[in-house]
Amino acid sequence: MASPVTDSAGLSPCIETVSWNADMVGTLPMPEAEAPMSSSVLNNCNIPKPPPLPSKIVTRNKHPKWPPESSFAPKETKDMWDKLFKDGNGADLCIFTEDKSCIFAHSSVLSIASPVLGYRIGQSKIKHGMKYIQIPGLPHDAVRVFIRFLYSSCYEGEELKKYALHLLLLSHCCSVPQLKRVCICYLEQDFLTTENVIDTLLLARKCDAPRLVLICVRMVVKNFKSVSSTEGWKLMKRIYPDIEQELVESVVEADSKKQERQRKIEEKKVYTQLYEAMEALLHICKDGCRTIGPRDKMLKGNQIACNFPACKGLEALVRHFSGCKTRVPGGCSHCKRMWQLLELHSRMCNEPDSCKVPLCRHFKEKIQQQCKKDETKWKLLVNKVIAAKNGSYLFSSR
């Protein structure tokens, strides 16, 4: 061990440190007299001016417009069809709802607006010149809002908020994509809470609304504790245990990904600190810093702090290493850390012959004698340290 002692003594610590904390603007010359205009200049005056540059840059909104357009017909046309529905003049169809009340409509209008309703109307019985169909299981007002939409594509905001789920079901079952799009847009943006997210999720799965399903699942994962205590979750657990299992697995997967990201962030911090320690070690051994450095450098203990964050802590470690009596690898935890830093530097150093870091050439020679397993570990460490400094560690496959 004679060469390591001799090399490490090349650093001369002086005082002990405390802690280890890993317009000019030119003017244009003005002409003295105006020159007469040539014929080419006169001809250029007839060239029209180019159009002005656009004042605003059009960008796509993150969220779709709300409320979305369900029809581009003129307002007068919509008002006319809305009046026809409300007055009911010439109605030949009676729609019975859950409370046995009746909504009068025109069979020809509904058949054109909804092929599904058209088929049901065609199969209905006629009594006294009137056709009758039933839409059970849904509130009367929700069915009325739906039929009105088939006439004029009009709806009231408050009615949509109150019957959004019912209207989504009706629009899906009766094949009315315009109303379905309106309902999904509202449910995605303004409707979801921890109390109704399960009901919305189940309905979205039935109504083939994959984006709405994804938004609901994300909300369940984010608020799993509060969602799992609702009545909707308990009912789903009893009736649809397979869906409950899928949601639990999604929560577990999201939690695992979160922990993995946190682990990678913590690892990146460690490897970044190691890279900073390599820079500080080279800075101390080559240029010197405040109270420690090579013998041929004049050190100034009162100089301002350097730009290397790990320099102060590394000074204390180097000072301990140069004066420790039990400097064998594994004998002292501080010395062991210093040995590892020196070996890491030697593996990252490309100029061992001219390098001023102690033991750099010694470890280069030692590498030839290491087993393949240790060599693989050190190569992986070097790659991760370099990747962490380059900002690509979190994106690496390992």
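This is a predicted model: local features need pLDDT of at least 70, side-chain atom pairs count only at pLDDT 80 or more; totals for chains, interfaces and linings use all residues.

1. Helix 8, residues 164–173, packs against helix 9, residues 177–191, with the axes 8 Å apart and at an angle of about 150°. Angles over 145 degrees count as roughly antiparallel, and helix 8 and helix 9 are therefore roughly antiparallel to each other. The crossing of helix 8 past helix 9 is left-handed.

2. The contact between these two helices draws on Ala164, Leu165, Leu167, Leu168, Ser171 and His172 from helix 8. Helix 9 brings Leu179, Lys180, Cys183, Ile184, Tyr186, Leu187 and Phe191 to the contact. By class, the residues where helix 8 meets helix 9 comprise 10 nonpolar, 2 polar and 1 charged.

3. Helix 9 also packs with helix 11, residues 210–222; their axes come within 10 Å and cross at roughly 15°. Since angles under 35 degrees count as roughly parallel, helix 9 and helix 11 are described as roughly parallel to each other. Helix 9 passes helix 11 with a left-handed crossing.

4. Which residues of helix 9 meet helix 11? They are Ile184, Leu187 and Glu188, and they face Arg211, Leu212 and Ile215 in helix 11. This contact of helix 9 with helix 11 contains 4 nonpolar and 2 charged residues, with no polar ones. Ile184 and Leu187 of helix 9 are also listed in the contact with helix 8.

5. A further pair is formed by helix 10, residues 197–206, and helix 14, residues 241–286, whose axes come within 13 Å and cross at roughly 110°. That angle makes helix 10 roughly perpendicular to helix 14. Here helix 10 passes helix 14 in a right-handed crossing.

6. On the helix 10 side the contact consists of Ile198, Leu201, Leu202 and Arg205, and on the helix 14 side of Ile243, Glu246 and Leu247. Sorted by class, the contact of helix 10 with helix 14 holds 5 nonpolar and 2 charged residues and no polar residue.

7. The lining of the largest pocket divides into 6 nonpolar, 3 polar and 4 charged residues.

8. Which helix gives the most to the lining of the largest pocket? Helix 14 does, with 5 residues. Helix 14 and helix 16, residues 333–348, each supply at least two residues of that lining.

Notes. Residues are numbered from 1 along each chain as its sequence is written. Side-chain values use heavy atoms; hydrogens and water are left out. Axes are lines fitted to C-alpha atoms, for helices over the stretch in contact, and angles run from 0 to 180 degrees between N-to-C directions. Helices (H or I, at least four residues) and strands (E, at least two) are DSSP runs, numbered from the N terminus. Angles under 35 degrees count as roughly parallel, over 145 as roughly antiparallel, 65 to 115 as roughly perpendicular and the rest as oblique. A crossing is left-handed if the near helix is turned anticlockwise from the far one by less than a right angle, and right-handed if clockwise. Contact means heavy atoms within 4.5 Å. Ala, Val, Leu, Ile, Met, Phe, Trp, Tyr, Cys and Pro count as nonpolar, Asp, Glu, Lys and Arg as charged, and the others, Gly among them, as polar.
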